[in-house]
Every structure is written in structure tokens, then in C-alpha cells.
Amino acid sequence: MTKKGRAVILMMDSFGLGGAEDAARFGDEGANTLGHIAAVRGGLKIPNLAALGLLKAAQASCGKMPLAGPQDGASVHMPSKYGFMREISHGKDTSSGHWEMAGSPVEFEWGYFKPDYPSFPPELIEKICTEAGLPGILGNKAASGTVIIDELGEEHIKTGKPICYTSADSVFQIAAHEKYFGLDRLYKVCEIAFKHVAPYNIARVIARPFEGEKKGEFKRTKNRHDYSVKPPMKTVLDEIKEAGGAVISVGKISDIFAKQGITQAVKASGLEELWNVTLAQAAAAPDFSLVFTNFVDFDMTWGHRRDVEGYAQGLEYFDARLPELAAQMREGDIAFITADHGCDPTYKGTDHTREHVPVIMFGPGVTAKALGGRDSYADLGQTLADFFKLPPLKYGKSFLND
């Protein structure tokens, strides 16, 4: 018999609520993505998120209500459960956050490359260059992707050497020009690199294609591709797929999960396109389905680049699209709003910040309740398993009927 109900996860990449008890261990004490954006901006127009409980969840997280200002004119009038979640994974990276919310926390330490030049062991670079037929690499340090592409893009075009860099995450990133180096060739080099970084316990190799002719004009394209290791254990996505359900990923979700538990991967980039595709997929989704979207701009475009105004405008745009999703939800549907980590654009450096993240569940039949603080992101995955009447996951506690 077909399982009833449909679910949507709106994953706001990097949208932290401050307050993580172990933030000091990560050098992130006092970080608060939402709170600091609202304070620096002098207010936010997010009436629908507020109506769903976001501001109250933020207050529960860090003990202080964000200075967002009056929130009149909400169009979403649905009952919701709202609160915040603590991360138990050892890192504050994309993979750890996503996997934990799907029921597979990362209880081991990732490998990392050192930030200063040269970041990568020479024997690793030699193996990659030899197998890929490369004359060498550029970069070889921790850097902002947009900055290092602007810095080395012209030399890359002249020499044919790809730009390789890392960050505070467990990543090996390779940037190359789509026209002069070739997109397929970039993907092939990344596949080779992914094989050779395995002994270093690196979570992802990321292809960063770009275009443009000279310094100041280079721009990354939408053809990013992540090569990820697999989650350490079965996730709720696997359980849904194995039970005959549909798991529709939008944006980079499929890459993050190394395609595990995904039945359909839909490409999209940019906040507007991600919303358009999410709404289309959610409207067409059958019973017993999950639509899972990563809204990457909050992290990639605004958080890492420390763009407070851009982040604020993105939040307001996200809020303005919520009524469209609510309008097409039917009885028995649920939707979640959450995040994978923080990336406070007012904080020092350009890295992710260890913070609590929001968890909001809403839908026509949801019973309203303040959830307070949850002890793991995995509570979301366990709630999904409960919703779809699947076997319980190893981690997490369902709040479906709280």
C-alpha cells in the first residue's frame, strides 16, 4: 500500500542561530548569524518566518530575541513546531551537517589540509598531475574561491595549470576555465583527485568551473560539482528509497550525499531558480516523497564573503516565497526549514561558525508547539522516518507527535 504524505526540506545553508555550547572549541564563541545580521542591518522583513516561529526559536537558542523589528503582514498562516538543534558531529562542515540531519552524524575527525602555502603534500600533487597529465598546479593554499580565481585566472589560462585550494573545511577544490581548460576535463581531474585524497580522509573534492577573459571579469558558473565520500551509515533518504518512496534532490543535495538515497537529482542554482524548481517539484511530487533543497547562496554568496546586506536581502526574498509553498501544500504534507551550520557574516575570518540551527516544521495538520532545544540534528531525520512510518534510525528523537 502506498504510504501517504509528502515532505519538503528547505535547507538554508549556513543559517545559524548562535548559542552553540561548544562554539569556543571551534574558535566561534559569540557567533550568531541571524542575530548579528538583524542588528547590523537594523531590522529584517521576514514576517512569514516570524509567524512560523523563527524569532522565538532564535531567542530560545541564544537567550536574546533578534533585533528584527516589527513583523506585520504574514501570508503563511499554518500551525508549526519550532525550535533549534544542536550538532553532535565533530565538524562544522556541509557534509557533517547534512548527514546528521538525515540520521548519520559524523563521529570521527575529518582530515584537513593546512591553510598556508603549500597546503597540499607534494606527493599528492605529483600523483594527481601524473595521472591527469597536468603541467602542475596553481594556488596550493587556503583561499576564498572568488579571490583566488581573480588572482590566478589569467595565469591559469596561459599555463593550463588548474587552480587548487582548500579552506577550513575538509575539501580539495579545483577551479578551471570552462572554455580554455574544458568542463569535462575539469570533472575528470576532480575524479582523479578524489581517488588520491582518500588516504587523507578528505570529505569532498569540488569542481569550481569559471568563465571570463581577464582579472576583474572572472565569474564562477553554475556547473559546480562535488565529489563526496558516502555517509558513514544508512540515512532516512536510504530508508525512503528502499521502501519505494521518491527522494528528489534540488541543487547540491545529491552531491553531498554521494547520490546515496536519491531517486531524482534536479540541478538548480541561485536563490530564485532554487525556489522555482523546489516549488515545481513539490507540486508534482507523489505521495511518499521527499523534496530536499539546499539553498547554497546563504553560505557561498553571502556568508563566506561576509556580505551582511546580501544575506539580509536573501532572507527577505526567501521569506517572500514561503507563501507559494504553503498555498500548494495539501492535507498530510509537511515542510521543514533548517540549516547545516552557521556562517556569521559579521564574524572574524571567512569560515563556517559553530552554531545552533533552526528547526521549523509546518503544514495543514501540524500541531503547534515550541520544541525548545533538540540534542541532535538527527531529530529531523527521525521525525521524517516517523512521518513515513519507516524503521527508526539509530540516532535522533522524533518530534512528530510532540
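The structure is a predicted model, in which local features need pLDDT of at least 70 and side-chain atom pairs count only at pLDDT 80 or more, whereas totals for chains, interfaces and linings use all residues. Residues are numbered from 1 along each chain as its sequence is written, and side-chain values use heavy atoms, leaving out hydrogens and water.

R354 is found in the loop between β12 (334-338) and β13 (357-362); strands (E, at least two residues) and helices (H or I, at least four) are DSSP runs numbered from the N terminus. Contacts of R354, defined by heavy atoms within 4.5 Å, include A20, D22, F26, E87 and H90, not counting residues up to four places away in sequence. The side chain of R354 also reaches the backbone oxygen of S89 at 3.0 Å, a polar contact (a pair of N or O atoms within 3.5 Å; within protein, one able to donate a hydrogen and the other to accept it, with residues adjacent in sequence counted only if both atoms are side-chain atoms).

A polar atom of the H98 side chain lies 2.9 Å from the backbone oxygen of T94, and the side chains of H98 and N294 make a polar contact at 3.0 Å. Among the other residues touched by H98 are M11, D13, F292 and D340.

The strands β12 and β13 belong to an open sheet of 8 strands with mixed pairing, in the order β10-β9-β11-β1-β12-β13-β2-β14. Its edges are formed by β10 (264-266) and β14 (369-374), each pairing on one side only. Pairing requires at least two bridges found by DSSP; β9 (residues 246-250) and β11 (residues 289-295) pair in the parallel sense over 5 bridges, with V250 opposite T293 in β11. Helix α10 (residues 271-284) lies across β1 (6-12), β9, β10 and β11, running at about 175 degrees to β11; axes are lines fitted to C-alpha atoms, for helices over the stretch in contact, and angles run from 0 to 180 degrees between N-to-C directions.

Elsewhere, helices α5 (residues 122-132) and α7 (residues 178-197) pack at an angle of about 145 degrees, with their axes 9 Å apart. In this contact, L124, K127, I128, E131 and A132 of α5 meet V189, I192, A193, K195, H196 and V197 of α7.
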